[in-house]
Amino acid sequence: MLVFVFVVFLNVIERCLATYTYSLYFSNDNRFRILQLTDIHLADSPLFDLITISDIENMVLKTKPDLIVISGDMVSGYKWDGYTRGFFREHWLKCSQLFTRLKIPYAFTMGNHDYETDADISQIRKLEDSNPFSLFNVNTFIDHEKGHNYHVDILDSKRALAVTR
């Protein structure tokens, strides 16, 4: 029993550390760059997905954002056949793995087409929790009618004081 409790405790600590492995902060010239992506609609076609992910990578490399915000419809839920399991995860991984490889923190808010897939909020929360660059965490407020709210501290250029939240 004691071993089980200790293992659970270590898993909780590991997840907390994995979730908060970076900080958001203004640059020395007091700039903070956000790249906003919306209506990506992954799953429309395999070719379209490849082009879209390539375009996103090129935008990230060119703009060098401090944060990426995906404001809805990452996945084309209307393409889901209603039976295939893992549909949302398969397409979510395309963006998630790119942001992890590029080491860019991101915030994902769901759009109406994301809700049309096989993943519910608890499953999406688990997926987002698995990516250390996702800002989706226990402080993310989810309301199906009003969307998501993120509460994120952004530090000053000296990384000492939270200047916005």
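Colleague: Angles under 35 degrees count as roughly parallel. Which helices should I try that on in this predicted model? At what angle do helix α3 and helix α4 pack?

Modeller: Helix α3 covers residues 87-102 and helix α4 covers residues 121-129. They pack at an angle of about 30°, and their axes lie 11 Å apart. α3 and α4 are therefore roughly parallel to each other.

Colleague: Is the crossing of α3 and α4 left-handed or right-handed?

Modeller: α3 passes α4 in a right-handed crossing.

Colleague: Which residues make the contact?

Modeller: From α3 come Phe 88, Arg 89 and Trp 92. From α4 come Ile 124, Leu 127 and Glu 128. Sort them by class: four are nonpolar, two are charged and none is polar.

Colleague: Now the other partner of α3. How do the axes of α2 and α3 cross?

Modeller: Helix α2 spans residues 46-63. Its axis comes within 11 Å of the α3 axis, and the two cross at roughly 25°. That makes α2 roughly parallel to α3. The crossing of α2 and α3 is right-handed.

Colleague: Which residues meet there?

Modeller: On the α2 side, look for Asp 49, Ile 53, Ile 56, Glu 57, Val 60 and Leu 61. On the α3 side, look for His 91, Lys 94, Cys 95, Leu 98, Phe 99, Arg 101 and Leu 102. By class, this contact of α2 with α3 has eight nonpolar, one polar and four charged residues.

Colleague: Next, pockets. How is empty space found?

Modeller: Rolling a probe the size of a water molecule over the atoms shows where empty space is left.

Colleague: What volume does the second largest pocket have?

Modeller: The second largest pocket has about 190 Å³.

Colleague: Which residues line the second largest pocket?

Modeller: Its lining is Arg 85, Gly 86, Phe 88, Arg 89, Asp 118, Ala 119, Gln 123 and Leu 127. Three of the lining residues are nonpolar, two are polar and three are charged.

Colleague: Which elements give two or more residues to that lining?

Modeller: Those elements are α3 and α4. Now link the two views. Phe 88, Arg 89 and Leu 127 take part in the contact of α3 with α4. Phe 88, Arg 89 and Leu 127 also line the second largest pocket.

Conventions: Residues numbered from 1 in each chain as written. Predicted model: local features only at pLDDT ≥ 70, side-chain atom pairs only at ≥ 80, totals over all residues. Heavy atoms only, no water. Axes fitted to C-alpha atoms, helices over the stretch in contact; angles between N-to-C directions. Helix = DSSP H or I, 4+ residues; strand = E, 2+ residues; numbered from the N terminus. Parallel < 35°, antiparallel > 145°, perpendicular 65-115°, else oblique. Left-handed = near helix turned anticlockwise from the far one by under 90°. Contact = heavy atoms within 4.5 Å. Nonpolar A, V, L, I, M, F, W, Y, C, P; charged D, E, K, R; others polar. 1 Å grid on protein atoms, 1.4 Å probe; cavity = no way out; pocket = protein on both sides within 12 Å on 5 of 7 lines; lining within 4 Å. Points joined across faces, edges and corners; volume = space filled by probe spheres on them.
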